[in-house]
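Please read the following report alongside the sequence and the coordinates of the model.

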Amino acid sequence: MSWESWVISTISRTLAYGTPLLLATLGEIYAERSGVLNLGVEGMMIVGALTGFAVASQTGNPWFGVLAAGVVSGLFSLIHAFASVTLRANQVVSGLALTMLGLGLSGVIGRSYEGRPLMHTLDKISIPLLEKIPVLGPAIFQDQNLLVYIGIGLAILLWFVLFKTRIGISIRAVGEDPATADSLGINVARVRYLCVMVGGVLAGIAGAYLSVAYRPSWTDGMTAGMGWIVIALTIFAFWNPISGMFGAYFFAGLFVLSFRLQAWLSPELLKAMPYILAIVVLIVVSRGTLQKRMGAPSALTLPYTRGED
Amino acid sequence: MMKTPAWIQIDRRPSPSGLTVFAISVIAILFALVMAGLFFEFYGVSALRAYGYIIKGAFGSRLGLTETVRGMIPLLVIGVGLVVAFRALFWNIGAEGQLLMGAVAASGIALFSGIPSPWLIPAMFLGGFAAGALWGVGPAILKAKLGINDVITTLMLNYVAIYTVHWLILGPWKGLTQRGFPYTDRFPTAAFLPMLGGTRIHLPTLAIGLVAAAVMYFVVKKTRVGFEIRVVGENPDAAKYAGISQTKITVLAMVISGGLAGVAGVGEVAGIHHMLFNPSSIALSYGYTAIIVAWLARRNPLAVILTSFLFGVIMRGGDVIKISLGLPFQLVNVFNGLILFFLIGSEIFVRYRVRFGTKKETA
C-alpha cells in the first residue's frame, strides 16, 4: 500500500468510527451540562442499535431505523431522568442500572435478529468537487455516510446553542447553580429532563449508525464498551461540543491506528489511551482557575429541590 | 419543588428501622421480579414456571446449590469492601478492574515466582490484595487531594485493567503450551485453591469473604476507625473540625475495598480457571453486580452475606433458564437493571413516609 492510500484510508476510517462516538458524546455533554451524569450511554446506544436494525429491516428504509432509534432511546433515557430528577435518586446507580437494563433488554429482544443480513443500509455519499482535492478529498469527502456530516453539523449547532443562545445559558445555569437558575424563573426539572432526552436521542442514533451503516448487522453487545469511551470523551472535551468533535476523531484515530500500527506499538496501549487521557485531563484541570473555566459543571450529580441545599 | 396531589402525604422519616428498610427492599425486589416475569411471557414461557425452574435449579440439587454459592463468592468478597467504600461516600465503580488486577498479581506469582508450595497460595492472596488495593488507592488519593471525581477515575481504570490483561495474555505472558490461544500457561497444581469436594466452591475465598463480613461489621459499628469512616462519608466538614484526616480515611477505605476486590480476582483464577485469559470471562461483571449487592445491603457488611447469596441465585438462574428453557442469559442483566431501579425508586419510601388520604394536620 502506498503511504498516500494508507493515509487516506486511515482518515476515512477514523471519520467513520468517530461518528457514533461524536453523536453520543454531544448528547452526554448536554446531559452533564445540565447537571445530570448519565452512565447509561452504553445501554441507550445498544437499545438504539437494536431498534435501528429492527426497524430498518422491517421497513426496508434505514433512515426509519435511525429515526426510530432516536425516539426509542430518547424514551428509554426518561427512566434515568425520572429517577435522578424527580425521585432525586443517586445518578451513578441509576445510570448503571440503565446500562444493565439496556444491555439485557436488547440481548433478550434482539435474539431473533441475530445473524440476519440487512438488505438496505445507509448509502455512502461523496461530495462533488470537494472529493477531487488530492488526499483530503478521498479521505474526507468520498464514500462516507451522510450521518458523518450530520455529526459535524450537529457539533457546530450544539456548540452554538450552548454558548451563544439563551437556551444554552439556561442549560449551563442549571448545571452550575440550579438555585440561582430557579430564582431567575428557569424550570430546573424541565431543562434537566430535556437535556437527558437529548442525550438519549443522540445515543440512540449513534447506536443505529453502528447497526445500519458502520457494520450493518445486529449482534448482542455490539456497542462493545463504546458508551464508556463516550463518558471519558465528555471529560476530555471539557464539556464542549466542538472539542467533543476533535476528541471523538482523536479517540477514533487511536482505535484505527491500534490495528494499523500493531507491528510497532502495542494495540492494547492505544486502546487504553482514551481512559488514561480522561484521568490525565481531570488531574490537569483540577487546579484553581482552570477548574472554574474548564472543569465539570458544579452541580453535576447533585439533585435539586427548591429550598434545600 | 416536588408538587404532590392533596391525597398523598409525604413526611420525612427521621430514622427508618431495620425492619422497615428490609420490608421495603423485599417489596422492591418482588416488583422487579414481576416486571421481569413479563419477559418470560414475551418468550411464551409462563413466568411462574420459569421462576419454578430457577428455584429448583438454584436450590433443588447439590450441583445447583453449590453453583449458586460459587457465583456468590466473588460478590460477597467484593460487596463487603464496597460497603466500606460507600460508607466513606467513595463511589468505587472500579471493582471490576481491581478484581482483574488481583487476578493478574495472582497469575504472575503462580507462574513466575517460584515460591514453594505451602507459601504459594498465601503469597497469591497477599499479592492479589495488594494489587487490587493499589488500583483502588490511586483514585482515593486523587479524590482526597485534588477533589477529582471518584466515579470517573475508578470507572476508567476498569478499562485500563482490561487492556492490561489483554496485553499480558497476548504478549509477555502468552502461554507456550496453549496452542496459540491467548491464555497464560496453566498454573502449577500447587497454586490451585482447595475446593469443597467435587464442586467449584473455592473454600479459602469463601472463608475470607465470611470473615471479612464479620470483621468489617465489627470495624464499622464498634471501632474508632469505623466512626471516622462514617463521619467522613456523612459530613466531611464535621470530619475536618474533628481533626479526622479525610485523605487517610478515604485511602484506608479504598485499600479495603480495592484489596478485597483483588482477593475475589485471586479466587476466580486460582479456584476456577487456573490461568489468566479473556478478562471479561474472568470478571463476568462481578464488579458491577457487586455494586447492587452492596447497595441492597444498605451499608451493613453482614447483610452482604444475604444479598450476595441472592445475586448468586440470580446468576445461577441465568444459567438455568439458558440450559432448561433456551432463554438468553442476558435476562440476568434485565433482572439486575430492574432490581436496581426498583431499589433506588424505593429509596423515597425509606427516607419519607408516604401516606394516601387527605391531610389531617398541617405539618
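## Basis of the description

This is a predicted model, in which local features need pLDDT of at least 70 and side-chain atom pairs count only at pLDDT 80 or more, whereas totals for chains, interfaces and linings use all residues. Residues are numbered from 1 along each chain as its sequence is written, and chains are lettered from A and ligands numbered from 1 in the order in which they are written.

## The two chains

Chain A contains 13 helices and two strands, where helices (H or I, at least four residues) and strands (E, at least two) are DSSP runs numbered from the N terminus. Its C-alpha trace spans about 65 × 45 × 40 Å along the principal axes. The radius of gyration of chain A is 19 Å, in agreement with the value near 19 Å for a compact globule of 309 residues; this radius is taken over C-alpha atoms, and the globule rule is 2.2 Å times the number of residues to the power 0.38. Of the 309 residues in chain A, 56% are buried, a residue being buried if 20 or more other C-beta atoms lie within 10 Å of its own, exposed if 12 or fewer, and partly exposed in between, with C-beta atoms placed from the backbone. Among contacts in chain A between residues at least 6 apart in sequence, 78% join residues at least 24 apart, where contact requires that the C-beta atoms of two residues, placed from the backbone, lie within 7 Å.

Chain B has 14 helices and two strands. Its radius of gyration is 22 Å, close to the 21 Å that the globule rule gives for 363 residues, so chain B is as compact as a globular protein of that length. The C-alpha trace of chain B spans about 75 × 60 × 30 Å along its principal axes, and 51% of the 363 residues count as buried. Of the contacts in chain B with a separation of 6 or more, 79% are between residues 24 or more positions apart.

## The interface between the chains

On the side of chain B, 37 residues are in contact with 37 residues of chain A. The elements of chain B that give two or more residues to this side are α5 (117-146), α6 (150-170), α12 and α14 (331-351), and the largest share, twelve residues, comes from α14(B). By class, this side of chain B has 27 nonpolar, nine polar and one charged residues; Ala, Val, Leu, Ile, Met, Phe, Trp, Tyr, Cys and Pro count as nonpolar, Asp, Glu, Lys and Arg as charged, and the others, Gly among them, as polar.

## Packing of helix α4(A)

Helix α4 (residues 91-109) of chain A packs with α14(B) at an angle of about 150°, with the axes 7 Å apart; axes are lines fitted to C-alpha atoms, for helices over the stretch in contact, and angles run from 0 to 180 degrees between N-to-C directions. That angle makes α4(A) roughly antiparallel to α14(B), since angles under 35 degrees count as roughly parallel, over 145 as roughly antiparallel, 65 to 115 as roughly perpendicular and the rest as oblique. Residues of the contact include A:Leu96, A:Met100 and A:Leu103 of α4(A) and B:Leu338, B:Phe341 and B:Ile344 of α14(B). By class, this contact has 14 nonpolar, six polar and no charged residues.

Within chain A, helix α2 (residues 41-59) and α4(A) pack at an angle of about 20°, with their axes 7 Å apart, and the two helices are therefore roughly parallel to each other. Among the residues that meet are A:Met44, A:Val47 and A:Leu50 in α2(A) and A:Leu98, A:Leu101 and A:Leu105 in α4(A). By class, the contact of α2(A) with α4(A) has ten nonpolar, four polar and one charged residues.

## Helix α12(B) and B:Tyr288

Eleven of the eleven residues of α12(B) are buried, so this helix is largely enclosed by the rest of the structure. B:Tyr288 is found in α12(B), which covers residues 286-296, and counts as buried with 20 C-beta neighbours inside 10 Å. Leaving aside residues up to four places away in sequence, B:Tyr288 touches A:Leu96 and B:Glu96. The C-alpha atoms of B:Tyr288 and B:Asn92 are separated by 9.9 Å, while the two residues are 196 residues apart along the chain.

## Residues with positive phi

B:Leu284, in the loop between α11 (279-283) and α12 of chain B, has a positive phi of about 45° although it is not a glycine. B:Leu284 is partly exposed, with 16 other C-beta atoms within 10 Å. Just after α12(B), B:Arg298 takes a positive phi of about 45°.
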